[in-house]
Amino acid sequence: DVITKLSRCHLCALGTASPKTCSTSQPCLLSILCHPGLLVPLQQAAEAEGALQRRVVVVGSSVLLAGPADAVHIHSACWEYLNGSISRAVVQYDERSHYVAIHPPYVGRALFHPPNGSLLLEDLQESDSGIYKVTINLAERESLKVLLDVLKPVSRPQLWSSGLVAKATGEVLCKVVEGRVDTITWKKDGQALPRGRGFHVSGSLSILHLRAVKKSDCGSYSCNASNGISWQETSLNVTVAGLSPPLKNVLRIVVVAVVFAAVSGWGLVFPVCQSEKLRIRGELWRWLSAYTCGLVCVSSILAGTAGLLWMREEGPSIAIILPEIVLLYVIVVTFLVAANVTFQPTKLIQLKSTTEQRTMGYTAPGGVLLVVLTSSFHIKNIHHRHEDGCTAFVDVTALAVSTAAVSALPLLAIFLCYHTTQGWQNERDSSCAEKERSSRSFEMSLPNIKDPVPTC
């Protein structure tokens, strides 16, 4: 039975049993010595008495696990691997038979030294991490436990940030792809993080939370990842945008609206500045009126859209709502005028009411002025919001120039057509006047002729 075998092995370990008894007890000695179920009391006593050492090594290297320092003469030894509920024998040794048994998965990777009970492990892998326990001389209960950590060096952290916008919530993330991470620390501009700036670590990922982002959060952030054998650090220059993407779209929209309003204003003012004799009339006037009113309608739509986007981001405001109502009126009137001038121009000629005529005449110029004022208000507020960040202001120069060029082309075509037609008409009038003068001179030289020569 187990007790008899244990007693027999105990006598062999003490050297008081006969050689014959011990020769038949060696196999049981090795199995009982490393069998956790049979030596639970002895194992618990050894764990209570033995000191736990810690060794940290890199993957692929070798490590020498020393035996108990107070072991004078080693009769038997057993190295075990303990990791939670897992327990397996690594090496078994008996002095009488000079028997050394190395168990998988350590075959070819383990070397036992009987004189001092040390164990050399080679080509270590992460799966070899755990507690290694050696029990020397069962009767004397000499044991030692070593906590072995086999680690890969940590890789260089990957550092990136979400789009940080002033007054919003943002994150800066640090991730280590390879190697077990024991510690992750953050710094800003080489110093400890400011108060109110905390981070969360989950495995190899650390997230730095930035709530109510402000301009002072701009700077260089560094993430340091380390374990028992290595450390790596990465830095990232973090910027805070004063404008969110919707507000950047508002800026672009109001720039286009202002350009359209300016071009349409030029189309409204230029004919008025002409003399009565040279003023544009006829079909050219109809197309000029339709285009300028249409352009005012489009610019009013853009200005109204910009106001809606602004209120969606910043909340409703009476300073935005009232102009939105007036812009809606301008959109309706200018659309009707442009449509009637294009398709039914006679309806506008038949208008007899002074109020209707004034409404048609003043809506377009008033719309231009309103678009310019509302757009200027938005641009001012956007510039103020931009100051909360540390990024460069949105460059809208190319957008403004291209919009002005495209929207001014139809006006230039109309004016060019007008001046070409006007020059041809002046040349024709001059030619007819010259012929008429020549005819009169000829008539004066022939007094007997009574019937004048037909002229132009």
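What distance should the 33 residues of helix α5 span, and how far apart are its end C-alpha atoms? At 1.5 Å a residue, α5 (residues 282-314) should span 48 Å. Its end C-alpha atoms are 48 Å apart, so expectation and model agree. The model is predicted.

**Helix α5 and what follows**
- Helix α5 comprises residues 282-314.

**Transmembrane annotation**
- The unreviewed UniProt entry annotates residues 250-272, 284-311, 317-339, 360-379 and 399-418 as "transmembrane region".
- Residues 284-311 are 100% helix and 0% strand in the model. The end C-alpha atoms of this span lie 41 Å apart.
- Residues 317-339 are 96% helix and 0% strand. Here the end C-alpha atoms are 33 Å apart.

**Open three-stranded sheet**
- Three strands form an open sheet in the order β12-β15-β16. Their pairing is antiparallel.
- β12 (183-188) and β16 (231-238) are the edge strands, each pairing on one side only.
- On average, neighbouring strands of this sheet are turned by 15° against each other, direction ignored.
- Six bridges join β12 to strand β15 (residues 219-226) in the antiparallel sense.
- Trp186 has Cys223 in β15 as its bridge partner.
- In general, strands of a sheet pair through backbone hydrogen bonds, either parallel or antiparallel.

Conventions: Residues are numbered from 1 along each chain as its sequence is written. This is a predicted model: local features need pLDDT of at least 70, side-chain atom pairs count only at pLDDT 80 or more; totals for chains, interfaces and linings use all residues. Side-chain values use heavy atoms; hydrogens and water are left out. Helices (H or I, at least four residues) and strands (E, at least two) are DSSP runs, numbered from the N terminus. The expected span of a helix is 1.5 Å times one less than its number of residues. Two strands pair if DSSP finds at least two bridges between them. Axes are lines fitted to C-alpha atoms, for helices over the stretch in contact, and angles run from 0 to 180 degrees between N-to-C directions. UniProt positions are given in the numbering used here, feature names are shortened, and annotations may be inferred rather than shown by experiment.
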